[in-house]
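Open the model in your viewer and keep the selection tool ready. The tour goes from one side-chain contact to the next.

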Amino acid sequence: MKLWRPATFALVLALGYTQAAPCAPLQAAVFPFAFDDTSLEPPQPAELARLHKIDAELRELLAKSGKYTIIDITSIEAKANESDLVSCQACAVSLAKQLGAQVAVIAWVQKVSNLILNINAVIRSTATGDMVSAGSVDIRGNTDESWSRGVSYLVANRLLKKNP
């Protein structure tokens with residue numbers, strides 16, 4: 001039976017068991033969810049309330065991941081509300097850059113019908129405008145629970161998932 005010598009043990013530790021230093025979280029400007037209602041009925045108050053709820057959930061989930069620090073967007077919120085950030089994602093990138101953010105997070109819910117909705121998000125670099133991450137999740141059912149589960153799934157399995 002071979003015994004480990006101290007020098008060999010130190011070499012194994014140095015080469016095989018070191019952990020890379022964690023990356024600092026990126027400064028993220030998370031813009032409020034947009035609502036793209038392509039159904040035949042007007043937006044319902046409960047749906048607008050759900051938008052605010054999943055706004056908070058998205059911010060919380062991104063922050064809890066340790067990959068993002070959510071920055072305050074209050075100073076540019078009026079400009080953001082005047083723009084269609086889904087159609088003009090470069091506008092969102094520009095606004096986020098003004099805040100010193102490293103990424104802009106643009107999110108929206110598309111309502112096809114009261115049964116079929118999808119939750120979408122794109123994370124873009126403010127340095128290049130390139131997409132860092134994106135995803136879309138279809139949900140069935142227009143309830144608080146389905147929207148909440150949808151945004152949780154979107155973050156965990158689309159936005160934060162590493163590409164293979």
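Start at Glu 60, which counts as partly exposed at 42% relative accessibility (buried means under 20% relative accessible area, exposed over 50%, partly exposed in between; 1.4 Å probe, protein chains only). This is a predicted model: local features need pLDDT of at least 70, side-chain atom pairs count only at pLDDT 80 or more, and totals for chains, interfaces and linings use all residues. Residues are numbered from 1 along each chain as its sequence is written, and side-chain values use heavy atoms, with hydrogens and water left out.

Helices (H or I, at least four residues) and strands (E, at least two) are DSSP runs, numbered from the N terminus. Lys 64 is exposed, at 64% relative accessibility.

How many salt bridges are there by this rule? The count is seven.

Next, select Glu 41 and Lys 111. Their side chains form a salt bridge of 2.8 Å, N to O. Glu 41 lies in the loop between S2 and helix H2 (45–64), and Lys 111 in strand S4 (residues 103–111), so the bridge ties together parts 70 residues apart in sequence. Glu 41 is partly exposed at 33%, whereas Lys 111 is buried at 0%.

Move to Asp 144 and Arg 50. The closest N and O atoms of this salt bridge are 2.7 Å apart. The pair links helix H5, which holds Asp 144, to helix H2, which holds Arg 50, across 94 residues. Asp 144 is partly exposed at 40%; Arg 50 is buried at 11%.

The charged end of Arg 50 sits over the Trp 147 ring, 5.8 Å from its centre (NZ of Lys or CZ of Arg within 6 Å of the ring centre and within 35 degrees of the ring normal). Trp 147 is buried, with a relative accessible area of 0%.

Last stop: the aromatic pair. The count is one (rings of Phe, Tyr and Trp, its six-membered ring, with centres within 6.5 Å; planes under 30 degrees apart are stacked, over 60 edge-to-face, the rest tilted). Phe 35 and Trp 147 have ring centres 6.2 Å apart and planes at 35 degrees, so the pair is tilted. Phe 35 is in strand S2 (residues 34–37) and Trp 147 in helix H5 (residues 144–159), 112 residues apart.

Technical notes: Salt bridge = Lys/Arg side-chain N within 4 Å of Asp/Glu carboxyl O.
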